[in-house]
Amino acid sequence: MPNLLIIEDDTAFCQMLQKFLTKHDYNVSISYTVPEAKLKLKESNFDLVLTDMRLPDYDGLQLLSDIKAIDATIQVIVMTGYAEVGTAVEAMKKGAFDYIAKPFTPDEIVKTIQKALASNTTAETQHIVKAQKTTSVTKQDNNERESPAGAVIKGVSDASKKLDEYVKLVAPTDMSVLITGESGTGKEVTAKAIHDNSQRKDFNFVAVDCGAIPKELATSEFFGHVKGSFTGAVEDKIGNFEAANGGTLFLDEVGNLSYENQIQLLRALQERKIKRIGSTKEIEVDIRIITATNEDLNAFVEKGKFREDLFHRLNEFSIHIPSLEERFDDLVLFAEYFLEKANTNLNKKVRKFSSEVWDAFRQYHWPGNLRELQNVIKRAVLLTVGDEITKQVLPSELTQDSEKTALSGNFSKSEYEKERIIKALQKTNFNKSKAAKLLQVTRKTLYNKINLYNLDL
């Protein structure tokens with residue numbers, strides 16, 4: 001069981017993180033001050049240190065150097081609320097494995113820790129740990145995942161059924177898949193579902209957030225490096241391509257890659273060979289590539305921001321993840337699933353939502369999609385005292401829509417209802433049956449409302 005040390009002066013956050021990581025089978029020690037941390041580092045052996053960069057009594061970069069001086073083999077992940085590229089690059093030069101910007105989700109920190117610990121494993125032993133790592137990631141995705149879990153649920157809406165059909169269709173093939181969709185719709189979960197239903201399911205699924213990698217570090221992230229190849233390269237590092245060998249490499253927000261990094265990625269995909277930085281040895285890799293973006297890559301290609309040849313190589317098959325509004329029939333399923341999950345994570349026993357909460361859920365447009373729905377429900381469960389979630393524990397942005405009916409002035413209940421009908425009709429290309437489903441009313445009721453408001457559509 002890996003030994004972790006958290007150095008963080010925020011005691012509440014530190015204890016919460018310790019509790020979460022302990023549940024993920026890590027031995028976790030904590031220190032609120034640098035002197036205490038140094039003492040623990042000298043007395044015990046740690047596999048990884050997770051430290052805040054902004055400590056009140058010590059410079060974070062100096063602490064990083066001190067940790068490496070005590071034991072150069074300890075992997076260090078730095079936490080920063082500032083997420084400055086310059087700070088991150090400096091930390092990496094001083095030997096940090098990676099950095100993570102606050103606020104981060106538990107899923108993000110677990111993946112970063114797993115990746116850091118895996119980099120200590122030699123290339124010769126990778127085949128031994130592949131099955132174990134795959135099992136660990138699968139368990140995390142199904143039970144502890146904090147990112148949108150919509151693809152886990154069999155939706156009943158037409159949009160969800162089409163998504164499920166596409167996943168089953170493309171999964172057994174080795175085609176490259178480009179996943180598009182708004183933020184929070186569950187693009188990574190869909191990528192993982194494709195992997196889990198493929199012939200590569202017994203090998204690694206490696207997810208990379210291209211938007212979080214400074215371009216100066218992308219080459220090392222993708223292909224790895226050898227010890228001494230540049231300042232701060234204190235040990236050999238396995239890149240994402242090697243870690244995913246035999247399995248699937250998922251590149252999220254691929255449109256954020258610099259033009260230079262796009263060229264490197266294209267070459268690696270064409271040749272299926274990579275070289276670590278500082279090495280002349282070519283390493284053959286057998287991976288499936290899945291990418292995702294919430295940007296319009298076609299427009300990027302036209303503007304010269306994204307290579308057309310790389311776009312076509314990544315886009316052998318495309319899947320669009322519908323927004324929550326596009327699969328509104330699934331709202332109840334998603335909400336009940338997230339309620340059960342929040343109860344498990346928070347050790348609560350909230351059983352249901354009040355009718356006012358359901359009304360607020362249906363009236364809200366959910367710009368953050370499933371991720372926002374999950375966060376709203378988890379927060380509501382935490383704040384709920386009894387066994388029913390009420391409107392009082394919802395965020396203000398949800399209650400504002402439903403409270404518009406009570407406001408004086410120009411915005412009346414009828415005008416609000418009329419606006420919702422028009423919006424639903426426009427979203428469904430004026431298909432009244434689909435619009436009725438989106439509004440959660442019968443087709444007859446919708447026709448009556450259209451006549452009532454004299455909507456000439």
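**Sheet, helix and cavities**

Q: Helix H1 first: which strands does it lie across?
A: This is a predicted model, and in it helix H1, residues 11–23, lies across strand E1 (3–7) as well as E2, E3 and E6, running at about 170 degrees to E2.

Q: And what is the strand order in the sheet?
A: The order is E2-E1-E3-E6-E7 in an open sheet of five strands, with parallel pairing. The edges are formed by strand E2 (27–31) and strand E7 (98–101), each of which pairs on one side only.

Q: Over how many bridges do E3 and E6 pair?
A: Strand E3, residues 48–52, and strand E6, residues 75–80, pair in the parallel sense over five bridges, and Asp52 has Met79 in E6 as its bridge partner.

Q: Switching to cavities, how many of 30 Å³ or more are there?
A: The count comes to two cavities of 30 Å³ or more, and the largest cavity holds about 190 Å³ of space.

Q: What lines the largest one, and which residues lie nearest its centre?
A: The largest cavity is lined by 18 residues, and those nearest its centre are Ala96, Phe97, His225, Gly232 and Lys237. By class, its lining has seven nonpolar, six polar and five charged residues.

Q: Which helix gives the most to that lining?
A: Helix H9, residues 215–223, gives the most to the lining of the largest cavity, with three residues.

Conventions: Residues are numbered from 1 along each chain as its sequence is written. This is a predicted model: local features need pLDDT of at least 70, side-chain atom pairs count only at pLDDT 80 or more; totals for chains, interfaces and linings use all residues. Side-chain values use heavy atoms; hydrogens and water are left out. Two strands pair if DSSP finds at least two bridges between them. Helices (H or I, at least four residues) and strands (E, at least two) are DSSP runs, numbered from the N terminus. Contact means heavy atoms within 4.5 Å. Axes are lines fitted to C-alpha atoms, for helices over the stretch in contact, and angles run from 0 to 180 degrees between N-to-C directions. On a 1 Å grid over the protein atoms alone, a cavity is a set of points where a 1.4 Å probe fits but cannot get out, and a pocket is an open set with protein on both sides within 12 Å along at least five of seven lines; lining residues have an atom within 4 Å of a point. Grid points are joined across faces, edges and corners, and a volume is the space filled by probe spheres set on the points. Ala, Val, Leu, Ile, Met, Phe, Trp, Tyr, Cys and Pro count as nonpolar, Asp, Glu, Lys and Arg as charged, and the others, Gly among them, as polar.
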